[in-house]
Amino acid sequence: MVEDDAVLNVSGLKKYFAVRKSYLSSFFGVKDLFIKAVDDVSFYIKRGEVFGLVGESGCGKTTTGKTVLRLIEPTSGETYFEGKNIYKLNKSEMRQLRRKMQMIYQDPYDSMNPRMTVFNIISEPIYIHKLVKNQVVLELVLQSMKNVDLVPPEEFLNRYPHELSGGQRQRVAIARTLVLNPSFIVADEPVSMLDVSIRAGILNLMKDLIENFGMSYLFITHDLAIARYMCNRAAIMYLGKIVEMGSMERLVKNPFHPYTSALMAAVPVPDPTEEKSKVVVSGEAPTPINPPPGCRFHPRCKQAMTMCKEREAVLLEIEKNHYVACHQFK
Amino acid sequence: MSLLEINKLKTYYSTYRGYIKAVDGVSLKIRSGEALGLVGESGCGKSTLALAIMHLLPSNARIIEGSIFFDGQDISNIDEDLLRKEYRWKKMAIVFQEAMNALNPVFKIGDQITEGIITHEHMPLKEAIDRARSALSIVGLDPELLVKYPHELSGGMRQRVMIAMALSCNPNFLIADEPTTALDVLIQAQIMKLLKNLQKKLDLSMMLITHDLSIVAETCDKCAIMYAGKLVEYSDIVTIFKKPLHPYTKGLIQAFPNLRGDLKKLISIKGSPPNLLDPPSGCVFHPRCSLAKNICKERAPILVESASGHTVACHLL
């Protein structure tokens, strides 16, 4: 699954977290346990594309996002950013690359230092990367604020985060990544903490930025309707694995994997005259410490066969550029 | 006949910076067996309204004005003992937002459910346990869970326990305050289906508080939209979605993404909700309204009810 004009190529990415065990149990040979947060995930993101990573909480989407930026080290696997394997780079090479790959966090209330002014927050990355001479920093900051519609920017420069509304804070967070002019941004649930009326503004802003600056996004979300609005392509994750990947419209209109269909059916419809959502799957996802053998979804799957309990389903290309990991489709 | 009738209710929080007008003159009716969706953004006063009905307001909040009629009886300044004996939990109950925080982590599920039953129904422990078991089975849980602690349950199961608890004394009115906000899509669908089924089966009247229009569209008969402490629009669910009149309601609907149908461009509402310490003059929505005229800045619109029961507070109509 290597794409030539891809900004990001991820292959076989794994991230296991060790579960802490008690001191005594280490004498009794208690086996080491791991949370398999990300377990053999591969995908690519093309230039100017929004790639969605969709799944329920605990499925490993945030861990994937952080690992492809090397904010956490992977257990194994490779991530190629503009042709370079980022896990092989040393510290200074990595720092240079970080300018081009940035992250927007979920919670605009927690992701900013409450003691820094808006100017300090947005200018910090410029100083860290020694981007420009001190005299032009202000200019760059103002431009970046204009790009995210924080106008007039002068009015906001000396404010502290608590003086801003949630939507304005998220705009500051976006401005802070934009000053570096990155080519790739990981957006981790950027609107889930915002009110409905403000959400649309941030989403439209992010869409405009793609058109104006030609950057690519890895868009992490649990909200399928938002994913549909934002993404060109997407991967559906379940317990650390990608179960289906393809164009977003295709996933919405005609999903293959039983988990994807269940997700789509469960989304409520904001229209009382249309058909209502359905409960297709019962129960809740098990812990990723001891995932079920075979296909991880089989205990909740209505179409499960004996094979599903025994053998893991591999992600296969069923149609052009549409991948599904399910034994039903071969 | 309305089961619940709220008349011009004002509930303010007193803080050292002044009064926060969380609920500012809200009038609402809920008929018996009806499900009302109360929709609004965070901080618009929807949870305060619920707490005011239940008499669970924090100590710095007070009902300043207005009345709450429940079953024909004004309970807005009823004696606390009487309310506890006659109303709370027995006639009206509430399911709180985050089941994780609403359950006490150091007591078993069984202790927490029976505590409410014994307090309100004065029955011996043995009967209360039986009652708790049947409450758990009503919400689709194994009655053996009574001996578990909250941390042993998943998020969806905890929310079911909360619902079981609220229904344990057979109330006829249930307030569900953002019952699925912290839950995943699949679990949300399960819980909403459960609530809807229970409402039908037990002939409950329900007030569903949420910021998610799509949940209301699927579960409720009526819908009320709140903005900055005021009720701006109220009607049956189809009218709200198909023929909304208030600019705020229209804005909310246009800002909401849909998974079905064609992909439409979302339109956001400019600005952000006001500070309720010092709400805007006139119509509270005027600073964000694209149609605002001079009169909107000067005078607050009153709620006008049309013949079909569609109620709107807007000068432009």
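Close-up 1. Let us start with Arg233(A), which counts as buried because its relative accessibility is 8%, under the 20% cut-off. In this predicted model, the side chain of Arg233(A) meets that of Glu49(A) in a salt bridge, with 2.9 Å from N to O. The two residues come from distant parts of chain A: Glu49(A) sits in the loop between β2 (34-46) and β3 (50-54), and Arg233(A) belongs to strand β9 (residues 233-238), 184 residues apart. Glu49(A) is buried too, at 6% relative accessibility.

**Close-up 2. Arg171(A) meets Asp149(A).** Here the two side chains form a salt bridge with an N to O distance of 4.0 Å. Arg171(A) lies in helix α6 (residues 166-178) of chain A, while Asp149(A) is found in the loop between α4 (134-147) and α5 (153-156), 22 residues apart. With a relative accessibility of 16%, Arg171(A) counts as buried.

**Close-up 3. A pair in chain B.** Now we move to Glu144(B) and Arg133(B), joined by a salt bridge whose closest N and O atoms are 3.4 Å apart. Glu144(B) is in the loop between α5 (125-138) and α6 (155-167) and Arg133(B) is in helix α5, so this pair ties together parts of chain B that are eleven residues apart in sequence. Glu144(B) is partly exposed, at 47% relative accessible area, and Arg133(B) is partly exposed at 31%.

**Close-up 4. A network in chain A.** Three residues take part here: salt bridges link Arg228(A), Glu249(A) and Lys253(A) in a network.

Notes: Residues numbered from 1 in each chain as written. Chains lettered and ligands numbered in written order. Predicted model: local features only at pLDDT ≥ 70, side-chain atom pairs only at ≥ 80, totals over all residues. Heavy atoms only, no water. Helix = DSSP H or I, 4+ residues; strand = E, 2+ residues; numbered from the N terminus. Buried < 20%, exposed > 50% of the residue type's maximum accessible area, 1.4 Å probe, protein only.
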